[in-house]
Amino acid sequence: MERTFQFPEDFQWGAAASAYQIEGARDEDGTGKSIWDQFVRLPDRIIHGDTGDVACDHYHRMPEDVRLMKQIGLPNYSFTVSWPRVLPEGEGEVNERGLDFYDRLVDRLLEAGINPKVTLYHWDLPLALQEKGGWPHRDSINWFTDYARVVFERLSDRVNMWATHNEPWVAAFLGYGQGIHAPGVCDATKAFQTAHHLMMAHARAVELFRQSGYPGEIGLILNLNGLRPASDSEADRAASQRVYDETHSLFLDPLYRHQFPNEFFDWLGPHAPEIQPGDLEAIAGSTDYLGLNHYNTDFVHHDHFGGWLKARLEPYAAPGWGKTEMGWGINPEGLKQELLNLKENYGNPKVYVTENGCAAPDTPDENGFVRDLDRIRFLKAHLIALHEALGEGSNVHGYYTWSVFDNFEWERGYSKRFGLVRVNYQTLERTPKLSAHWYRNVIRDNAVQL
Ligand code: GCO
């Protein structure tokens, strides 16, 4: 018998993408270089040597892409602004042609009846600022706040939903810790300092937003994936707590508990970030909502040779599920657990699921059409898990799937596809997949059918 999972009347549906992953046009209209423009040119960092130079060519095809978003029925679209397109040197002179692109994008979206949601930072730090020390430098807080002011002033008359950062954990620990993302630095201490400066930059930008009286709400987007100790051993449980502290506590504790994870900092010893007087007060309460990105769950093993956390992750797939094309364990219950964890341990803040989706094999037919039943199964199961969390009191108000289009998947280049819409990277032709048609019906009905 078919079951219907009906969502609340004002539930927010949408899809997300990010500037470096879809725009291309990295040398046009006065845009500056980002740390990703440099990183992708280092040998062996990106599969197949792919770059974001062209990506989906969204910069030139934006009107067509907005029409496509309307066609697939998106009421909301979450995009990010490329900092170096707006401030080529990261600070100082504004590149009006770069800012004009986002101005036109917002107008096109509103004309199409689509609400724009703007994230200021999705990892593309201007290279000029990295050369001045980057996020490990305390000045990064002011650089970001000045950049935020430029974008607020241009778009805040039409944009009412903002986020400061997408996934500060990734920007800090993959960019400055593990070195598998730009700028490719491998330094745990710099990574923890970066995470703190990202939180301070978030807080100062929110302070500016609120003091300026801009309309709407502003939040922070965190990747909060599921963690399970690999065994009941004290060593595995302690390792799982350390991974939880780096990926969750480091960000959630100062925001919602008005404290830093001090025991974790003590364990980290020399890697712990330098905190200045007033920093905690600045971060505490500095968000109107939390954006929750969730993809997968991992087992956590203690591993004496497992990097600075002395831990090793192993994908966990729930019974009846396997792994996605990214090798990530599929566990829809993990999304419900993350939502209920926020409810039970962090004061049940307002939450939007700002990213959820999967990389799938996506074999096209002769017309480029992809019958992605596996992606539909993934999305449906996660929406049902979200619905269950709602029923248990989660303060979740929306869901954005990742992603609108297939796009540049960072160190994996174009080898992994997450989109509702297939992009043929030779012709740049866009073809909505079966999941786009399915998602349009979910949005129309504000419900999921099982
Ligand atoms: C992230 C990023 C996206 C990724 C997506 C798939 O969450 O890592 O926001 O840029 O492309 O999550 O990995």
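Q: Where in the chain does G216 sit?
A: In this predicted model, G216 is in the loop between α9 and β6 (217-223).

Q: Why is G216 called partly exposed?
A: Its relative accessible area is 47%. Buried would need a value under 20%, and exposed a value over 50%. G216 at 47% falls in between, so partly exposed is the label.

Q: What does G216 touch, leaving out residues up to four places away in sequence?
A: G216 touches N160, F209 and D288. Take N160: it is 56 residues from G216 in sequence, yet the two C-alpha atoms are 4.1 Å apart in space.

Q: How do you know whether S18 is buried or exposed?
A: Check its relative accessibility, which is 1%. The cut-off for buried is under 20%, so S18 counts as buried. You'll find S18 in the loop between β2 (12-16) and α1 (19-22).

Q: Which residues does S18 touch, not counting those up to four places away in sequence?
A: They are T80, H122, W402 and W410. As for S18 and F173, they are 155 residues apart in sequence and their C-alpha atoms are 19 Å apart in space.

Q: Why is the ring pair of F11 and W13 called edge-to-face?
A: Two values settle that one. The ring centres are 4.8 Å apart, and rings pair if their centres lie within 6.5 Å. The planes meet at 65 degrees, and an angle over 60 counts as edge-to-face, so that's the name this pair gets.

Q: Why is the ring pair of W135 and F144 called tilted?
A: The centres of these rings are 6.0 Å apart, so they still pair under the 6.5 Å limit. Their planes are at 50 degrees, neither under 30 (stacked) nor over 60 (edge-to-face), so the pair is tilted.

Q: What makes F11, W13, W135 and F144 buried?
A: Each one has a relative accessible area under the 20% cut-off. F11 has 7% and W13 has 3%. W135 comes in at 0%, and F144 also has 0%.

Q: How many aromatic pairs does the structure hold?
A: There are 43 of them. Ring pairs also link Y20, W36, F39, W123, F408, W410, Y414 and Y425 into a cluster.

Q: Is H48 buried or exposed, and how do you know?
A: Its relative accessible area is 67%. Exposed means over 50%, so H48 is exposed.

Q: What about L428: is it buried or exposed?
A: L428 has a relative accessibility of 9%, under the 20% cut-off, so L428 counts as buried. It has a positive phi, near 65 degrees, and lies in the loop between β13 and β14 (430-432).

Q: Which kind of peptide bond joins A182 and P183?
A: A cis one, with omega about 5 degrees. Most peptide bonds are trans. P183 lies in the loop between α8 (168-177) and α9 (188-211).

Q: What is the omega of the peptide bond from W402 to S403?
A: Omega is near 15 degrees, and the bond is cis. The loop between β12 (396-402) and β13 (421-423) is where S403 sits.

Q: How do you know whether the radius of gyration agrees with a compact globule?
A: A compact globule of 450 residues would have a radius of gyration near 22 Å; the chain has 21 Å, so the two agree. Along the principal axes, the C-alpha atoms fill a box of roughly 55 × 55 × 45 Å.

Q: How many helices and strands does the chain have, and what share of its residues is buried?
A: The chain has 15 helices and 15 strands. Buried residues are 62% of the 450. Of the contacts with a separation of 6 or more, 76% involve residues 24 or more positions apart.

Note on methods. Residues are numbered from 1 along each chain as its sequence is written. This is a predicted model: local features need pLDDT of at least 70, side-chain atom pairs count only at pLDDT 80 or more; totals for chains, interfaces and linings use all residues. Side-chain values use heavy atoms; hydrogens and water are left out. Helices (H or I, at least four residues) and strands (E, at least two) are DSSP runs, numbered from the N terminus. The radius of gyration is taken over C-alpha atoms; the globule rule is 2.2 Å times the number of residues to the power 0.38. Buried means under 20% relative accessible area, exposed over 50%, partly exposed in between (1.4 Å probe, protein chains only). Contact means heavy atoms within 4.5 Å.
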